[in-house]
Amino acid sequence: MDDTSGGGSSSGSPSAPQASPDGGASPGPTGDAGAAIPIGTQAELDAWLQSGAYKSWACEAAAHDRRPGSGHSRNRICVNPALGQDKGAGPYPVGAASVKELYDGSGAVNGYAVYVKVKPGAAGDTWFWYERIGSSVVARSEGASLCVGCHSGAPRDHVFTASPQ
Ligand code: HEC
C-alpha cells in the first residue's frame, strides 16, 4: 500500500509523477529523477532510502573502501540525473542529489549519507545533508557544518563524486 513511485518498472510517462506534494516549499526538485526525495522528516527519508529507489540512479558497481580525504566508511555512491548529467560548471541545479550507502565491517549496509540541492547558489546551506549510521543520526539539516566543512573542498559545489563508476 505504500506507493512510492519506484515500484513500477515502467519509466515511460506514467500519469502520477508526484507533482510536488509539498505545495511548493521547494521548487519541484528532480522532475526527471523519477521520484522526489522526501527530506521533510527523518521517517520519510529513511523509508525512501530503505525502498532502494535511488538504485535506479547512476551507481558505483560495487562498494569500495573510503577514498583519501573521505570521512566515511566503506561505501557505494549513487547520483541522480540532475547531478550526474549536469556537466557544466558552478552550482548544481536544485534537485541534484547523491546517496551513499555506508557499509559495516561485515559488508552490510548500516547507514546512509545523503545530500540534496534545495536552493540555488553556492553556499553549503543550499544543500540538505543527512547521515545516519545504525540508529544514530550524524547530521540532518541544510548546511550541516560537519559535512560542509569537508565537502566545501570538493572540486565543484560540494560534490566529490559526480560520475560514479
Ligand atoms: C572529512 C571529510 C568529509 C566529511 C566530514 C564528510 N564527507 Fe562526505 N565525502 C567525502 C569524500 C572525500 C567523499 C568521496 C569519496 C568517498 O567517500 O570515498 C565523500 C562522499 C560523499 C557522498 C557521495 C557523493 C560525493 O560527493 O562523493 C555523500 C552523499 C556524502 N559524502 C555526504 C556527506 C554527509 C551527509 C556528511 C556529513 C554528515 C559528509 N559527507 C561528511 C568527505 C567527507
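**Close-up views of the predicted model**

View 1. Asp157 is buried, because 22 other C-beta atoms lie within 10 Å; a residue is called buried if 20 or more other C-beta atoms lie within 10 Å of its own, exposed if 12 or fewer, and partly exposed in between, with C-beta atoms placed from the backbone. Although Asp157 is not a glycine, its phi is positive, at about 45°. Asp157 belongs to the segment after helix H3 (145-151). His158 is found in the segment after H3 as well, and its phi is also positive, near 70°, in a residue other than glycine. His158 counts as buried because it has 24 C-beta neighbours inside 10 Å. The model shown is predicted: local features need pLDDT of at least 70, side-chain atom pairs count only at pLDDT 80 or more, and totals for chains, interfaces and linings use all residues. Residues are numbered from 1 along each chain as its sequence is written.

**View 2. The elements of the protein.** The protein has 3 helices and 6 strands, which are DSSP runs numbered from the N terminus (helices: H or I, at least four residues; strands: E, at least two). From the N terminus on, their order is α-β-β-α-β-β-β-β-α. Of the 165 residues in the protein, 31% are buried.

**View 3. The largest nonpolar core.** This core has 33 residues, of which Leu83, Ala97, Tyr115, Val116, Phe128 and Trp129 touch the most other members. A nonpolar core is a set of buried Ala, Val, Leu, Ile, Met, Phe, Trp, Tyr and Cys residues joined through C-beta atoms within 7 Å. Among the elements that each supply at least two residues of this core are helix H1 (42-51), strand E4 (109-117) and H3. Apart from neighbours within four places in sequence, Trp129 is in contact with Tyr115, Ala139, Ser141, Ala144 and Cys147; contact requires C-beta atoms, placed from the backbone, to lie within 7 Å.

**View 4. The shell around the ligand.** The ligand is surrounded by 26 residues, and the closest are Gly71, Cys147, Cys150, Phe160 and Thr161. A residue is near a molecule if its C-beta atom, placed from the backbone, lies within 6 Å of it. H3 gives the largest share of the shell, 4 residues. By class, the shell has 14 nonpolar, 8 polar and 4 charged residues. Here Ala, Val, Leu, Ile, Met, Phe, Trp, Tyr, Cys and Pro count as nonpolar, Asp, Glu, Lys and Arg as charged, and the others, Gly among them, as polar.

Methods:
Two residues are in contact if their C-beta atoms, placed from the backbone, lie within 7 Å.
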